[in-house]
Amino acid sequence: MSINIEEINHRFEIPGIAQVIAGEGGLPKVQVSSPVATGEVYLHGAHVTSWRPTGAEEVFFVSPHSLWQDGKAIRGGIPVCFPWFGSKADDPHAPDHGFVRTREWRLDSIERSGDAVSVSMVTESDDSTRKWWPFDFRLLHRVTFATELTIELVMTSTGSEPLRFEEALHAYYRVGDVTKPSISGLDRTHYLDKTDDFREKLQRGSVVIEAETDRVYLNTERALELNDPVLQRRITIAKQNSRTTVVWSPWSAKARALADLGADQWKHMLCIEVANVGDFAVQLAPGERHTMTARVSLSSL
Ligand code: TA6
């Protein structure tokens, strides 16, 4: 779909606050600049790539080796994983993490409320999605850039069949050195260890990264704190209607195998993902709606 950036900007811009411009690779993005924060979200995948509260440094990591093209997910920021997480259980040829992170979403609105700016995008089922997943849906992604960052993923089942879906806001947080931070809020929580054949284990104390880490924490609705002594900041991640949290660091070997991440970047990123996956996937009856919310805030250490 060829997008006329100028025409979209004319319809949606808020002069001096929000504009639609060509971003990396010429992909259209909404650029927000309010008195309390700046931010960016691409129509490609409804993909948030930046949020900087005024006076603070960038919160999210984006790989300098990322691809910026149709059919490829941006490496970094906040990819949207839907309607499955990871590889599709019944189809090895299906794209990892579902198909919405590589689709062009439709810009629905840009709204200002005081110093907060909300950008809403929508994607819906069509023949290309039914090829992978035979259900009808409308997915709304609303990101609010303010002194906090709020992301709502509103899923409506628009078909006549009950359905079950997985979802994740696969956020890449920028860290000074991934071996130094600790993550609190998961103590005594069970998790599946994807680096150890999905064995179920129990988290004791804070999470620290000492090797490749790929864990799905189960049945937890708690807020997390990422305490980074190098960047001297605490990132707090609160959530609603999410019962799993994923923590991922590829470490060196996996990073080297990811050309769009590269061997030199893995130390500067840590994924903490608000999600509903596996046994905690969401069931919806026809016409039902479910909203998962992530709320990110920043404070000095
Ligand atoms: O969320 C962790 C994970 O599922 C890892 O297993 C790894 O595959 C990561 O997602 C990145 O996946 P991607 O398809 O974006 O390379």
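Here Ala, Val, Leu, Ile, Met, Phe, Trp, Tyr, Cys and Pro count as nonpolar, Asp, Glu, Lys and Arg as charged, and the others, Gly among them, as polar. By that scheme, the shell around the ligand has three nonpolar, two polar and six charged residues. The model is predicted: local features need pLDDT of at least 70, side-chain atom pairs count only at pLDDT 80 or more, and totals for chains, interfaces and linings use all residues. Residues are numbered from 1 along each chain as its sequence is written, and side-chain values use heavy atoms, with hydrogens and water left out.

**Ligand site**

The shell consists of Arg 75, Phe 85, Asp 96, His 97, Arg 101, His 170, Lys 194, Asp 214, Val 246, Trp 248 and Glu 273.

| Side chain (N or O atom) | Ligand atom | Distance |
|---|---|---|
| His 97 | oxygen | 3.0 Å |
| Lys 194 | oxygen | 3.0 Å |
| Asp 214 | oxygen | 2.6 Å |

Taken alone, the ligand exposes 390 Å², and the protein buries 82% of that. These areas come from the Shrake-Rupley method with a 1.4 Å probe.

**Aromatic pairs**

The structure holds 13 aromatic pairs. Rings of Phe, Tyr and Trp (its six-membered ring) pair if their centres lie within 6.5 Å; planes under 30 degrees apart count as stacked, over 60 as edge-to-face and the rest as tilted. Tyr 42 and Trp 68 form a tilted pair, 5.1 Å centre to centre with 40° between the planes. Tyr 42 lies in strand β3 (residues 37-42) and Trp 68 in the loop between β4 (47-53) and β5 (80-81), so the pair ties together parts 26 residues apart in sequence. Strands are DSSP runs (E, at least two residues), numbered from the N terminus.

**Backbone**

The peptide bond from Phe 82 to Pro 83 is cis, with omega near 0°. Pro 83 sits in the loop between β5 and β6 (106-113). Asn 241 is not a glycine, yet has a positive phi of about 55°. Its place is the loop between β18 (233-240) and β19 (244-249).

Terms used: A residue is near a molecule or strand if one of its heavy atoms lies within 4 Å of it. A polar contact is a pair of N or O atoms within 3.5 Å; within protein, one must be able to donate a hydrogen and the other to accept it, and residues adjacent in sequence count only if both atoms are side-chain atoms. Helices (H or I, at least four residues) and strands (E, at least two) are DSSP runs, numbered from the N terminus.
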